[in-house]
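Dear colleague,

I am handing over the structure below, and after it you will find my notes on what turned up when I went through it. Please read them with the coordinates open.

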Amino acid sequence: MERKFQLKNGLKVLLVENRKSPVVSIQMWVHTGSADEPKGLEGISHFIEHLVFKGTRSFNVGEIASLVEGSGGELNAYTSFDETVFYVTISKHFDHIGLKVISEMMGHPLFLPEEIDNEREVVIEEIKRGNDSLYRQSSQMLFSTLYTKHPYGLPVIGYEENIRKVTAQQIQDYFRSRYSPANMTLVIVGDFSFADMKKKVQEHFSDFLPSRVKSVRRAAEPLKKAAKISAHKAAFEETLVHWAWPIPSVKHRDIPALDVLSMIIGQGESSWLNRALRLNKHLVNFIGASTFTPKDSGFFSISSSLQIEQLEAAGQEVLAVLQKALHEKPTEEELQRAKVNIQSEEFYALETVDGMARKYGNYEQLFGDFKYMKVFLKQVLDLKPEDIQKVARKYLKPELVRISLMTSRDIEAPQQILKNWTRQLKKAYQPAKAKKPVTKIKSLSSRGRNQVIVKTLSNGIRVLFRPSYETEVVSLRSALLGGVRIEDEATQGVCELTANTWVSGTASLSEEQIHGQVESMASSLTAFSGRNTMGLSMTTLNSFSKPMRDLFVDCLLNPVFPKRSVDREKASMLEQLRTRQDNPAQVCILNFMKTFFKGHPYAQDPHGTVESVGSLESDHLKAIHERVLGSKNLSMAVTGYVDVEEWEDYLNRALSGMNSGERIESEFDRPLFEKEERVFAPSDKEQSHIVIGFPGLTFTSPERHALQLIQSILAGQGGRLFLELRDKASLAYTVAPLKMEGIDTGYFGAYIACSPEKAKKAISMLRQEFDRLTQEKVSPSEIQRSVRYLIGRHDIDLQKTSSVSAAILFDDIYGLPADETFHFAKRLNSVTAEDIQTLAQKIFSQPGTLSVVGPQCPW
C-alpha cells in the first residue's frame, strides 16, 4: 500500500508499506544538488551533507551515528548533481529513532564553526582520495568534456580552495535557501502501518520552519555540432577511453529506446560490444555502454579500459558496432532480452526496503510521480526494433561525438588515432534503409517458510534449503573447498582464472550461447574463487528457475575452459597486475598479507603473479576443476521461491553421475614473529595508506562473536575510530577496522588513508584505540550499541535471497551449524565486557604487522 500526503510546512511524504522483513528505510530527498550551487561555492552541497551529522539541536557530534548504529541501523548520505539524499535503514522496532535523526539533521543542524573547521580537513582528504583515483579523474574529464557551460561539468565534491574558505554564515544562508521543507520529499518504506507512521511523521517533521526556496537558473549547454577530443596524460598505468554523445533529459520520449539501445550494444556478456571486443578478441579489459539521464540533458556513452597499444584496433571494433546500430535493427530476440531485463529490475528491487525507497524516491524526484515505473515499463514494452535503430541514428551522429582519453603515455599518437576515428564515423554514418510477446512474470505468493532444511542427496552432496515466498527470487549456490589454499608458487592465480572462465563454455554450449540464455532470462550465473573455496552462483526468478538450473548444472559439471576464453582472461589478469600501482590501498593490503602470512597460502595474491599467470593454460584449469569437483567436496544452498521436494528430486537426478572425489582438507601454520614486522612501499599519490594488523581468529573460534563486537565498537560513524581519528582529529576521510577469519588463522587490524604528514599521528592514534580496549572494559551502553548495530546490519543484509544462500552455505562448509546465521543475535547477546577485554588483550599483546604505501616512510 502506498500513500502520499503533504504537511502544512510543504514537506511531501510518501509512505509504502512492505512487510517482507522487519526493517524500515527512511530517506529524505532534498531537491538540490551540486548543479544548483553558485560560482565560488562549488562543493557546498557535499560539505553540508557532511556537516548535518556534526551536531543538531538535540545531538552532539557523533551522537547521531552512535544512536542509529546502537539501534542496529545504518545511516549515510550522498550528493549528486540534482539531489542530496539522507537515509537510515533500521529495525521497525526503532523506526522512531530513524525519524528523529533525519528530522534533526534536516531541520535543526547547528553548523558550529569549530566543527566546520574540523570537517574541512575530512572533505579535503576525500578530495585527495579522488585525485588518486583513475576512475574518478577519468569520469570528471568525461563530464567536463561534455559540459563546458552547464554545471554538470563541475565536480560534485567541489574544489579544495572553496572548502577551505567557505564561512559558517555562507553555509547557514545556503542551507536556508535550498533545504526548505517545500524542497524535500520524505520517503519511508517498510514494515509499519500507515496510520501509525503518519502520526510519527507529523510529530517529528511538522516543526520544520517553511522558508522561501531560492530559485536557480542553470546555464544551458550549447549543442556544438563538431566532434571534440580531450586527452590527458596522467600518472596511472591503466588507460580509460569514453565515446559519448549528448541526449535529452530523462523526461524525453526517446529515453526508453536509448536505454534499450545501451543494453543491447553494451550491457552484459552477450552485448554487441562485449562479444566483439572482449570475448571474441581480447582488445579491452572491460567495455560497456550506458545512458546518463538526469534532470537536464544527459549523454549516451561507450566506456572502456584497455592498453593504449590496442586503442586503434579497439576503436575499429567500436566503429563496427556503431555502424551495425546505425544500419541494422536489433533482432526480436535481442530486443526481447533487453525488455525482460528492464522489466525484471522491478522484481529484484523488491528484495530490500532501501532499494524500494531509492526507486520510489528517484521517480518522485525526476517525474513528480513515484509510480512512473509503470509508465516507463509500458514505454519499454511498446518498443519495436525500428525504434531502437531510429534513436541510434538520431543521437549517435559523428558531429556530436565527444571523446575523452586518460593514459600514462604521450597523447599525440592517441589523439591522432581518435581524430581519424571521428572521420571514419562520418563515413560510416549513412541514411537508414527502410514482437515477440513479453514474458509475463507470475504474481507473488503470500506463502512463507523460514526454516533451514538440510538434505543429503543419494551421492552424499549436502544441500541446504531455505524457502521464502515474499518475492519470486531464487538463489542457487555451490561451494567447493579449494581456492588459494590448493595453489603453489608456480600456479598462483589458477583458481581465480578457473573462476573467470568457468562459464565460458560447456561440452554442448558456447560462451555466447550461455551468456545469451542467462541474459534472456534476466538472471545471473557467475563463478567465484577465494582463499578457501570456489564455486558457482545463480540468481533468477521463479519463472525461469527450471531452465536456469539446467544451465547451472551443465556449467558446474561440464566446463571446457576454451583456449580463446582462457587467453582473454589471462590477459585481463595480467593487465590488472600491471596496473596495480594505480590502487595504493590495494597494494598496502597485499603487502600486509604477504608479510603477515609469510609461508602460509593466505600470503599469496589470489590474482597470482605475472610469472605464474603467464604460464597457465586450459589444462591447468581442467586439472583444478577435476581435483575439486566431487560429491564429498561439494555443498549447495537453494533459497527463495522453491519447492523443496521438487528441487531435491531434480538435484538427485541431475547430479547422480558425479564422481565422489575427496574432501579437500589441509592445515597450515602462520609464522610467529618476535617483534612487529614493517613494510613500506613508495607511491607518488597524494595520500599515505596504512594497515596495521594482529593475529586474529578462525571461522569456528568460540571467540568470534566477541571479535565482531570489537570490530563494531571501532567501526561505523558512531565507532571509536571514526569519532577519534576523523571527527575529532580530522586525520582522514577513510578509517575503518579490518578483519579476516580463515580456516586455520586470521587477522584483525585497521586501515586509514591520510595525508603523508599525518601518517605518524594516525598510526599512534590507531595504537591508542587498540590499547584502550585492552586497558578499559567497554561500557554496557557501548556494548548495547554494538550488539544492536550488528544485529540490525545482519537483518538488513539478509533481505536478499542470495545473501541468505551465501550465509547458510559457508557456515555449513566451514563446520558451523547450517542455521548458525539465524542464531546470530543470541550469540552476540551472550558476550560480556570481560570477554571483549580478554580477547583484546590476547590479540593486541601479540607482535603485529605495519604496512604503509605513500610518498614518504613514517618511521
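Phenylalanine 694 and phenylalanine 770 are both buried, where buried means under 20% relative accessible area, exposed means over 50%, and partly exposed lies in between, with a 1.4 Å probe and protein chains only. Before going further, please keep in mind that this is a predicted model, in which local features need pLDDT of at least 70 and side-chain atom pairs count only at pLDDT 80 or more, while totals for chains, interfaces and linings use all residues. Residues are numbered from 1 along each chain as its sequence is written, and side-chain values use heavy atoms, with hydrogens and water left out.

Aromatic rings

A search of the whole structure gives 38 aromatic pairs, a pair being two rings of Phe, Tyr or Trp (for Trp, its six-membered ring) with centres within 6.5 Å, called stacked if the planes are under 30 degrees apart, edge-to-face if over 60, and tilted for the rest. One of them is the edge-to-face pair of phenylalanine 680 and tryptophan 859, with 6.4 Å from centre to centre and 80 degrees between the planes. This pair links distant parts of the chain, since phenylalanine 680 belongs to strand β18 (residues 677-682) and tryptophan 859 to the segment after β22 (849-854), 179 residues apart; helices (H or I, at least four residues) and strands (E, at least two) are DSSP runs numbered from the N terminus. Phenylalanine 680 is partly exposed at a relative accessible area of 28%, and tryptophan 859 is also partly exposed, at 40%.

For phenylalanine 694 and phenylalanine 770, the ring centres are 5.6 Å apart and the planes stand at 90 degrees, so the pair is edge-to-face. Here too distant parts of the chain are linked, with phenylalanine 694 in strand β19 (residues 688-695) and phenylalanine 770 in helix α27 (residues 759-775), 76 residues apart. Elsewhere, ring pairs join Phe81, Phe143, Tyr147, Tyr152, Phe292 and Phe299 into a cluster.

Two rings also carry a charge above them, by the criterion that NZ of Lys or CZ of Arg is within 6 Å of the ring centre and within 35 degrees of the ring normal. The charged end of arginine 3 sits over the ring of phenylalanine 194, 4.2 Å from its centre, and lysine 198 lies over the face of phenylalanine 5, at 4.9 Å from the ring centre.

Strands and the open sheet

Strand β4 (residues 74-79) and strand β5 (residues 84-91) pair in the antiparallel sense over six bridges, pairing being assigned if DSSP finds at least two bridges between two strands. A hairpin of four residues joins β4 to β5, and alanine 77 stands opposite phenylalanine 86 in β5.

A separate entry in my notes is an open sheet of five strands, in the order β7-β11-β8-β10-β9 and with mixed pairing. Its edge strands are β7 (228-233) and β9 (286-292), each of which pairs on one side only. Strand β9 and strand β10 (residues 298-306) pair in the antiparallel sense over seven bridges, and in β10 serine 305 is the bridge partner of phenylalanine 286.

Buried helices and single residues

Helix α21 (residues 584-596) is mostly covered, with 10 of its 13 residues buried, including Val587, Leu590, Phe592 and Phe596. Among what covers those buried residues are β18, β19, β20 (732-741), β21 (746-754) and β22, where contact means heavy atoms within 4.5 Å. In helix α15 (residues 385-395), the buried residues include Ile388, Val391 and Tyr395, and their cover includes β8 (239-247), α9 (255-266), α11 (311-327) and α12 (332-349).

Two single residues may also be of interest to you. Serine 138, found in helix α5 (residues 134-146), is buried at a relative accessible area of 1%, and it touches Leu240, His242 and Met406 when residues up to four places away in sequence are not counted. Lysine 200, placed in helix α8 (residues 194-205), counts as buried at 19% relative accessibility; leaving aside its neighbours within four places in sequence, lysine 200 is in contact with Asp95 and Leu99.

With kind regards
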